[in-house]
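Work through the exercises below with the sequence and the model side by side. Try each task before reading its solution.

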Amino acid sequence: MLPKDEYISLSSYTPLLQWDDLSFSIPDKGATSTTILHNITGTLNSGEVVAIIGPSGSGKSTFLKLLNRLLEPTRGKIQYKGQAIDKIAVTELRRQVAYISQRPYLFPGTVADNLAYGAQLWNLDYDGAEWLEKVDLSPTLLTQQGDNLSGGEQQRLALARSLLLEPSVLLLDEPTSALDIHGTALIENLISSYLHGERAVLWVTHDPKQAKRIAHRIFLMEQGRLLYDLSVEDFFSSNAPEKVKTFLTVREGNY
Amino acid sequence: MSPLILLISLSFVAIALFISYKEQLALEKDLLVGTIRAFIQLFVIGYVLQLIFDLRSLTGILFILALMILVASQNASQKSSFLPRSIALTYILGALLFAEITTMGLLLILQIVPVEPQYIIPISGMIIGNAMIAAGLTLSRLQSELASQKGLILTALALGATGRQAASSAIKQALRAGMSPTIDSMKTVGLVQLPGMMTGLIIAGASPIEAVKYQILIILVITASTAIASITVALGCYKPFFTSQHQLSNYYPRQ
Ligand SMILES: Nc1ncnc2c1ncn2[C@@H]1O[C@H](COP(=O)(O)OP(=O)(O)O)[C@@H](O)[C@H]1O
Ligand SMILES: [Mg+2]
């Protein structure tokens with residue numbers, strides 16, 4: 001479990017990431033464009049985990065990719081540690097604000113090759129066996145070909161590959177969607193031990209129960225808009241906004 | 001060879017026509033059009049070359065070379081699917097020009113080939129023709145690799161790689177695709193088929209050993225020119241697929 005209570009009691013967090021009036025459109029075939037995200041504003045503070053929840057296609061993944069500039073917002077501003085992100089070398093930004101995609105993509109080669117990819121880009125020393133143990137993979141896998149791993153193992157390897165760069169912000173895109181209960185608990189614990197007062201996590205999940213377990217705050221997204229930014233207590237309270245309750249009822253129905 | 005004999009040789013086409021008619025291949029029209037075009041194109045180029053050889057004019061040589069490079073670039077840029085044709089054309093034009101100037105330049109400077117149109121033009125034709133094929137293969141492979149490696153390339157960018165680093169495996173595959181036909185043909189040359197130029201020299205009365213010397217020279221020159229064309233196209237054409245901020249650009253194939 002996360003040491004949530006330890007952080008939730010702090011009255012003032014310092015913002016690690018701030019975004020203001022973000023919109024994102026993609027050009028269509030003609031002169032028109034489709035807007036995928038509308039005017040999103042908010043912050044991610046050090047020490048906290050924020051869950052992003054919302055129907056499929058509501059723009060959660062697109063939003064995460066804006067925050068480390070894998071995508072460029074059509075309008076709006078983003079700051080990391082108080083700096084406009086276009087003033088930071090983009091590769092450095094991505095090292096510190098790590099995006100981990102929903103589906104793990106492994107580079108051709110061994111497990112060790114995959115762990116080495118980012119580390120080589122950044123000239124880092126690291127202990128591959130130790131990182132495998134942290135994600136509950138056997139160090140004997142180091143010499144195995146990456147594509148011999150199961151889906152869940154690949155997911156955990158991809159996580160280790162990013163974590164060993166020691167990013168301050170984790171942008172996690174449904175990291176447990178392909179995992180069973182055991183694998184899910186493992187990742188939740190791993191992230192909780194990774195988190196400390198100088199770090200923060202944005203965690204996209206489709207599971208309200210998971211949001212309740214891991215997060216201090218919850219964003220509810222719908223059709224490219226950030227509908228609500230609520231503390232976990234408010235999100236699950238009986239006084240929650242109607243739309244939140246409706247969302248939760250619909251979700252409960254799915255389980 | 002007398003014109004009469006050339007006309008009589010049309011009976012070879014009659015054989016093909018007869019087979020097509022008998023087997024209902026419906027190739028008659030293509031055969032006729034092809035035969036007529038081959039006659040016209042080759043005679044036109046023959047007379048133009050004769051003219052230039054007689055004039056021994058530098059402008060004439062440069063004009064012919066420019067025309068060859070232009071037509072070849074136009075042809076190779078048809079391999080462009082995701083990249084706008086005009087951008088592909090620019091890079092390929094540069095690549096073919098670079099290949100021709102480097103290889104022909106070396107041949108002339110080292111005085112391997114005399115500064116005479118009857119050497120420069122046919123050898124340039126082989127340099128440019130092979131560079132054209134290599135450029136087309138490189139471009140089409142580059143695009144298909146970028147499309148199929150999209151997830152991996154995004155992962156590499158997310159780990160802090162530059163566009164160049166993220167695309168390096170696609171670039172390598174494209175280079176191999178562009179260069180390997182020449183390398184393969186080098187391995188079997190003379191065993192399966194005598195190259196056209198050697199055949200021509202021998203028929204025109206050169207000794208086989210003399211013909212072989214020229215053929216070896218040509219093979220080596222072509223190897224260099226395909227390598228130059230491939231590397232120029234690959235290292236140029238990957239660029240428009242990324243933005244200056246190491247994001248996938250709008251040309252990048254969607255999934
Ligand atoms: N490159 C793109 N081209 C076209 N449509 C896109 C692109 N990226 C995202 N979209 C659309 O934007 C919407 C939000 O997508 P996404 O951010 O993946 O949502 P989520 O992660 O919440 O499921 C979807 O309707 C999706 O089809
Ligand atoms: Mg998504």
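**Exercise 1.** Decide whether S23(A) is buried or exposed.

Solution. Start with the cut-offs: buried means under 20% relative accessible area, exposed over 50%, and partly exposed in between (1.4 Å probe, protein chains only). S23(A) has a relative accessible area of 9%, so S23(A) is buried. Strands (E, at least two residues) and helices (H or I, at least four) are DSSP runs, numbered from the N terminus. Then list the neighbours, taking contact as heavy atoms within 4.5 Å. Leaving out residues up to four places away in sequence, S23(A) touches L37(A), H38(A), N39(A), P73(A), T74(A) and R75(A).

A note on the source: this is a predicted model, where local features need pLDDT of at least 70, side-chain atom pairs count only at pLDDT 80 or more, and totals for chains, interfaces and linings use all residues. Residues are numbered from 1 along each chain as its sequence is written, chains are lettered from A in the order in which they are written, and side-chain values use heavy atoms, without hydrogens and water.

**Exercise 2.** Decide whether D54(B) is buried or exposed.

Solution. The relative accessibility of D54(B) is 57%, so D54(B) counts as exposed. Its element is helix α3 (residues 28-55) of chain B. Now look along the chain: D54(B) and S81(B) are 27 residues apart in sequence. In space they are 43 Å apart, C-alpha to C-alpha.

**Exercise 3.** Find which residues have the most contacts inside the largest nonpolar core.

Solution. A nonpolar core is a set of buried Ala, Val, Leu, Ile, Met, Phe, Trp, Tyr and Cys residues joined through side-chain atoms within 4.5 Å. The largest one has 115 residues. W19(A), F63(A), L202(A) and L96(B) have the most contacts inside it. Helix α6 (residues 117-148) of chain B gives this core its largest share, seven residues. Take F63(A) in turn: among its contacts beyond four places in sequence are W19(A), L22(A) and L202(A). A second, separate core has 15 residues, including L65(B) and I222(B).

**Exercise 4.** Describe how chain A meets chain B.

Solution. Count first: 21 residues of chain A are in contact with 19 residues of chain B. Then take the buried area, which is the accessible area (1.4 Å probe) that two parts lose on being put together, summed over both. Here it is about 1700 Å², and carbon and sulfur atoms give 60% of it. In chain A, L70(A), R94(A) and Y105(A) lose the most area to chain B, together 29% of what that side buries.
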